[in-house]
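Colleague: I'm new to this one. Can you walk me through it?

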Amino acid sequence: MLALRLLNVVAPAYFLCISLVTFVLQLFLFLPSMREDPAAARLFSPALLHGALFLFLSANALGNYVLVIQNSPDDVGACQGTSARRPSCPPPSTHFCRVCARVTLRHDHHCFFTGNCIGSRNMRNFVLFCLYTSLACLYSMVAGVAYISAVLSISFAHPLAFLTLLPTSISQFFSGAVLGSEMFVILMLYLWFAIGLACAGFCCHQLLLILRGQTRHQKTAALPQCFIASYVMHH
Ligand SMILES: [Zn+2]
């Protein structure tokens with residue numbers, strides 16, 4: 001239980017750290033590298049368009065993050081303290097969250113990155129948060145790949161170039177051919193890729209549950225019945 005409470009504090013701090021690092025890299029490294037010849041006067045420079053797109057995605061991700069925390073699911077009964085005070089017979093369509101120590105209506109799951117329960121009131125914001133976080137991470141990865149490609153003169157035309165980038169750059173880093181800041185960006189590329197894919201998968205899974213009109217608890221509870229039904233059909 002203590003580990004879960006600790007995770008509830010560490011995960012939001014981790015999310016905010018990654019967001020801050022992404023902001024700093026985008027605004028002070030990637031966008032300045034996109035600046036073209038100042039003599040060429042254009043209404044919309046690529047750096048301006050990239051900056052506007054990144055700010056749009058990250059503002060939506062952070063805005064929905066705040067709304068998920070603000071719109072907590074409705075409390076059926078606050079159960080402050082330990083799980084020993086858990087109601088013996090909660091009403092239907094409710095769930096007791098051990099981390100928040102409360103019973104909430106239409107509870108789906110507890111999200112450690114927001115440190116909050118996800119239910120009917122904040123589900124919309126949670127799905128949008130996953131969607132925009134995924135897009136912001138994948139967009140940062142693309143901008144980072146463009147930056148690394150220009151700085152280290154690497155071509156990413158080959159499909160396996162992204163996979164072989166890490167081992168080759170680690171060996172080049174220890175031989176002094178790759179700077180510490182460039183190595184940091186390369187490590188961030190893999191982190192953005194992983195977070196982007198995870199959030200996209202999570203968003204799709206959540207949308208599937210919404211389309212079926214289910215919560216995660218209902219899906220889990222329905223599993224044994226499915227197994228029983230398939231067992232009865234085959235025997
Ligand atoms: Zn909770």
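Colleague: Which residues of α2 are buried?
Modeller: F54, L57, S58, A61, N64, Y65 and V68. A residue is buried if 20 or more other C-beta atoms, placed from the backbone, lie within 10 Å of its own. This is a predicted model: local features need pLDDT of at least 70, side-chain atom pairs count only at pLDDT 80 or more, and totals for chains, interfaces and linings use all residues. Residues are numbered from 1 along each chain as its sequence is written.

Colleague: What covers the buried residues of α2?
Modeller: The cover includes α1 (2-33), β5 (116-118) and α3. Helices (H or I, at least four residues) and strands (E, at least two) are DSSP runs, numbered from the N terminus.

Colleague: How do α2 and α3 pack?
Modeller: Helix α2 (residues 46-70) meets helix α3 (residues 123-152) at about 150°, and their axes are 8 Å apart. That makes the two roughly antiparallel, a label for angles over 145 degrees. Axes are lines fitted to C-alpha atoms, for helices over the stretch in contact, and angles run from 0 to 180 degrees between N-to-C directions.

Colleague: Which residues make that contact?
Modeller: On α2, they include H50, L53, F54 and L57. On α3, F126, F129 and Y132 are among them. Two residues are in contact if their C-beta atoms, placed from the backbone, lie within 7 Å.

Colleague: How many are nonpolar, polar or charged?
Modeller: The α2 contact with α3 has 15 nonpolar, six polar and no charged residues. Ala, Val, Leu, Ile, Met, Phe, Trp, Tyr, Cys and Pro count as nonpolar, Asp, Glu, Lys and Arg as charged, and the others, Gly among them, as polar.

Colleague: And α1, how do its axis and that of α2 cross?
Modeller: At roughly 175°, coming within 11 Å. So α1 and α2 are also roughly antiparallel to each other. S19, Q26 and L31 of α1 touch A47, H50, G51, F54 and L62 of α2. By class, that contact has four nonpolar, four polar and no charged residues.

Colleague: What does α2 span from its first C-alpha to its last?
Modeller: 36 Å, over 25 residues. That is close to the 36 Å expected at 1.5 Å a residue. The expected span is 1.5 Å times one less than the number of residues.

Colleague: Zooming out, how many helices and strands are in the protein chain?
Modeller: Six helices and five strands. From the N terminus on, they run α-α-β-β-β-β-β-α-α-α-α.

Colleague: What share of the protein chain is buried?
Modeller: Buried residues make up 25% of its 235 residues.

Definitions and conventions
Parallel < 35°, antiparallel > 145°, perpendicular 65-115°, else oblique. Buried ≥ 20, exposed ≤ 12 C-beta atoms within 10 Å, placed from the backbone.
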